[in-house]
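Please read it with the structure open.

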Amino acid sequence: MHVRQRVTGTVAALALAASGLLAAAPTASASASAPAAFSCSARLVTGSGGHRGAEIRCTGSSFTGVVDCKRTDNGYVYRHFGNRVPSGGTSTVWCDLNATVIQAYGTPS
């Protein structure tokens, strides 16, 4: 009986010590210097001459807007880059006439 009480006491003491160590460990989410996540949204637009394009807005970093375009006459796929803007700004990118936007996104720059 005496041995069983010692084992139980030792296990309880180890559990308390471990919980104290875990409670004292700092978490990564509490770090004030953690960088903001980079996220983007895009809105398709049509220009006055019939050009298709996208307005891309991103937060978390300066970025450049990008669109992948596909020509409607021969199916050729190509990429256009927009202007570089600061976080929270809008980069507008256009495809050539007779082409559609198949993908629009921002890339950190």
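**Notes on the model**

1. Start with S91. Leaving out residues up to four places away in sequence, S91 touches A54, E55, I56, F63, T64, G65, G82, N83 and V85. Contact here means heavy atoms within 4.5 Å. S91 sits in strand β5, residues 90–94. S91 has a relative accessible area of 0%, so it counts as buried. Buried means under 20% relative accessible area, exposed over 50%, and partly exposed in between, with a 1.4 Å probe and protein chains only. The S91 side chain also reaches the backbone oxygen of N83 at 2.8 Å.

2. On provenance: this is a predicted model, where local features need pLDDT of at least 70, side-chain atom pairs count only at pLDDT 80 or more, and totals for chains, interfaces and linings use all residues. Residues are numbered from 1 along each chain as its sequence is written, and side-chain values use heavy atoms, with hydrogens and water left out.

3. The overall layout is brief. The chain has one helix and six strands. From the N terminus the order is α-β-β-β-β-β-β. Helices (H or I, at least four residues) and strands (E, at least two) are DSSP runs, numbered from the N terminus. Of the 109 residues in the chain, 19% are buried. Among contacts with a separation of 6 or more, 58% link residues 24 or more positions apart. The chain exposes about 7,500 Å², and carbon and sulfur atoms supply 58% of that area. Accessible areas come from the Shrake-Rupley method with a 1.4 Å probe; for residues, only the protein chains shown count as cover.

4. Strand β3 deserves attention. It spans residues 63–71, and seven of its nine residues are buried. It pairs with β4 (residues 77–85) through seven bridges, antiparallel. It also pairs with β6 (residues 99–108) through nine bridges, again antiparallel. Two strands pair if DSSP finds at least two bridges between them. In a regular strand, side chains alternate between the two faces of the sheet.

5. Eight bridges join β1 (residues 39–46) to β2, and the two run antiparallel. In this pairing R43 stands opposite E55 of β2.

6. What does T64 touch, beyond residues up to four places away in sequence? The list is F81, G82, N83, R84, S91, Y105, G106, T107 and S109. T64 lies in strand β3 and stands opposite T107 in β6. Its relative accessible area is 12%, so T64 is buried. A polar contact of 3.0 Å joins the side chains of T64 and S109. A polar contact is a pair of N or O atoms within 3.5 Å; within protein, one must be able to donate a hydrogen and the other to accept it, and residues adjacent in sequence count only if both atoms are side-chain atoms.

7. Now the other end of that contact. S109 is in the segment after β6. S109 counts as partly exposed because its relative accessibility is 37%. Beyond four places in sequence, S109 touches S62, F63, T64 and R84. S109 and R84 are 25 residues apart in sequence, yet 7.2 Å apart in space, C-alpha to C-alpha.

8. The largest nonpolar core has 12 residues: A54, I56, C58, F63, V67, C69, Y78, V85, V93, C95, A99 and V101. β2 (52–59), β3, β4 and β6 each supply at least two residues of this core. A nonpolar core is a set of buried Ala, Val, Leu, Ile, Met, Phe, Trp, Tyr and Cys residues joined through side-chain atoms within 4.5 Å.

9. With a relative accessible area of 11%, Y78 is buried. Y78 is the bridge partner, in β4, of C69. Leaving aside neighbours within four places in sequence, Y78 contacts V67, D68, C69, R71, C95, D96 and A99.

10. The structure holds one aromatic pair. Y76 and Y78 form it, stacked, at 5.9 Å centre to centre with 20 degrees between the planes. Rings of Phe, Tyr and Trp (its six-membered ring) pair if their centres lie within 6.5 Å; planes under 30 degrees apart count as stacked, over 60 as edge-to-face and the rest as tilted.
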